[in-house]
Every structure is written in structure tokens, then in C-alpha cells.
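Here is a quick briefing to read with the model open beside you. Take it one topic at a time and look up each spot as you go.

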Amino acid sequence: QLQLVESGGGLVQPGGSLRLSCAASGFTLDYYAIGWFRQAPGKEREGVICISSSGGRTNYVDSVKGRFTISRDDAKNTVFLQMNGLKPEDTAVYYCAAGRPSYRVCPAYGSRWLEGSFEVWGQGTLVTVSS
């Protein structure tokens, strides 16, 4: 069974940092692009940041530019989301997802990437930014 499991969420003060992890089981991430999505209360789910299968290309929403970084460790079959300078508006349930082919699922920055391109989804982890 293909599974993704997110961890690392929690409560953090504005300006603080968190690192989320997305661990895969039942398959290897080598050929998959990975995306992080989030859904805030009362809002639709949005794509936040993604990384290509090689790790050489990322795409992200402008609201997280300079604050969020995505990385992957294929040896550990895990992808990470480092979130710095957190704001209250970052409060949401964060989901990771995997999809192929990488060039279509996570295109170059400036190109649109689609939730429907992702095949495998995690259950989500809650991030709350509040003082």
C-alpha cells in the first residue's frame, strides 16, 4: 500500500520555525515529484511548494517565497518542508503528495501546478501559528 505520512506540525509563535517531514512507505520517492499543500479553516486547499524528482527544480506560491524551503532525502525516502518566519496566515493543515511525471507535476516556477496531478496523499498535519 502506497502511503505518505506527515509529521512535525504543532503550535508555534509568529516569526518561529517548524520543519515538516513527509515519509513514504510502500514505494520509493525516486521518480516522484513531491508537493506540499495546505488547507486553512474555511478555505480551499492550495499548493504551497513542490520539488521535482531530481530535486533540481522547485515551484512555490509567492506568499512563502524566502520563508519556506523544500528538500528531499531519497535515501531516507523522505521530503522535508522547512518553514521560517511563520505568520498567523500560515495556519492550516499541511498535506504532502506525490505524483509523476515530475516535469508535469512540478513544473518550473511561474508555471501552474495542479492538485489533480498528484496520485498519493498523506493524512495531513496541523500547523498553528499563534501567540
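## A first look around

Let's start at Ser111, which sits in the loop between helix 1 and strand 10. Ser111 is partly exposed, because its relative accessible area is 37%. Pick out Val129 as well: it comes 18 residues away from Ser111 in sequence, yet the two C-alpha atoms are 29 Å apart in space. Keep in mind that this is a predicted model.

**The overall build**

- The protein chain contains eleven strands and one helix.
- Reading from the N terminus, the order goes β-β-β-β-β-β-β-β-β-α-β-β.
- How does the radius of gyration fit with a compact globule? For 131 residues such a globule would have a value near 14 Å, and the protein chain has 14 Å, so the two agree.
- Of the contacts with a separation of 6 or more, 64% are between residues 24 or more positions apart.

- Buried residues make up 45% of the 131 in the protein chain.
- The protein chain exposes about 6,600 Å², and carbon and sulfur atoms supply 48% of that area.
- On the charge side, there are 13 positive and 11 negative charges, and their mean positions are 3 Å apart.

- Which residues does Tyr94 contact, once you skip its neighbours within four places in sequence? Its partners include Leu20, Trp36, Phe68, Leu81, Met83 and Val127. Glu6 and Arg38 are also among the contacts of Tyr94.

- You'll find Phe118 in the loop between helix 1 and strand 10 (120-121).
- Is Phe118 buried or exposed? Its relative accessibility is 6%, so Phe118 counts as buried.
- Not counting residues up to four places away in sequence, Phe118 touches Ala33, Ile34, Gly35, Phe37, Ala97, Ala98, Gly99, Val105 and Trp113.
- One of those partners, Gly99, is 19 residues from Phe118 along the chain, and their C-alpha atoms are separated by 4.2 Å.

- Most residues other than glycine have a negative phi, and most peptide bonds are trans. Two spots here go the other way.
- The peptide bond from Arg100 to Pro101 is cis, with omega near -10 degrees.
- Pro101 belongs to the loop between strand 9 and helix 1 (102-105).
- Pro101 and Ala33 are 68 residues apart in sequence, but their C-alpha atoms are 7.3 Å apart in space.
- Asn77 has a positive phi, near 55 degrees, and it isn't a glycine.
- Where is Asn77? It lies in the loop between strand 7 and strand 8. Its relative accessibility is 13%, so Asn77 counts as buried.

- Arg67 has its place in the loop between strand 6 (58-60) and strand 7. With a relative accessible area of 12%, Arg67 is buried.
- Leaving aside neighbours within four places in sequence, Arg67 is in contact with Gln82, Met83, Asn84, Gly85, Leu86, Lys87 and Asp90.
- Gly55 is in the loop between strand 5 and strand 6. Its relative accessible area is 32%, so Gly55 is partly exposed.
- Gly55 and Gln1 are 54 residues apart in sequence, and from C-alpha to C-alpha they are 25 Å apart in space.

Notes:
Residues are numbered from 1 along each chain as its sequence is written. This is a predicted model: local features need pLDDT of at least 70, side-chain atom pairs count only at pLDDT 80 or more; totals for chains, interfaces and linings use all residues. Side-chain values use heavy atoms; hydrogens and water are left out. Contact means heavy atoms within 4.5 Å. Helices (H or I, at least four residues) and strands (E, at least two) are DSSP runs, numbered from the N terminus. The radius of gyration is taken over C-alpha atoms; the globule rule is 2.2 Å times the number of residues to the power 0.38. Buried means under 20% relative accessible area, exposed over 50%, partly exposed in between (1.4 Å probe, protein chains only). Accessible areas come from the Shrake-Rupley method with a 1.4 Å probe; for residues, only the protein chains shown count as cover. Lys and Arg count as positive and Asp and Glu as negative; His and the chain ends are not counted. The place of a charge is taken as NZ of Lys, CZ of Arg, CG of Asp or CD of Glu.
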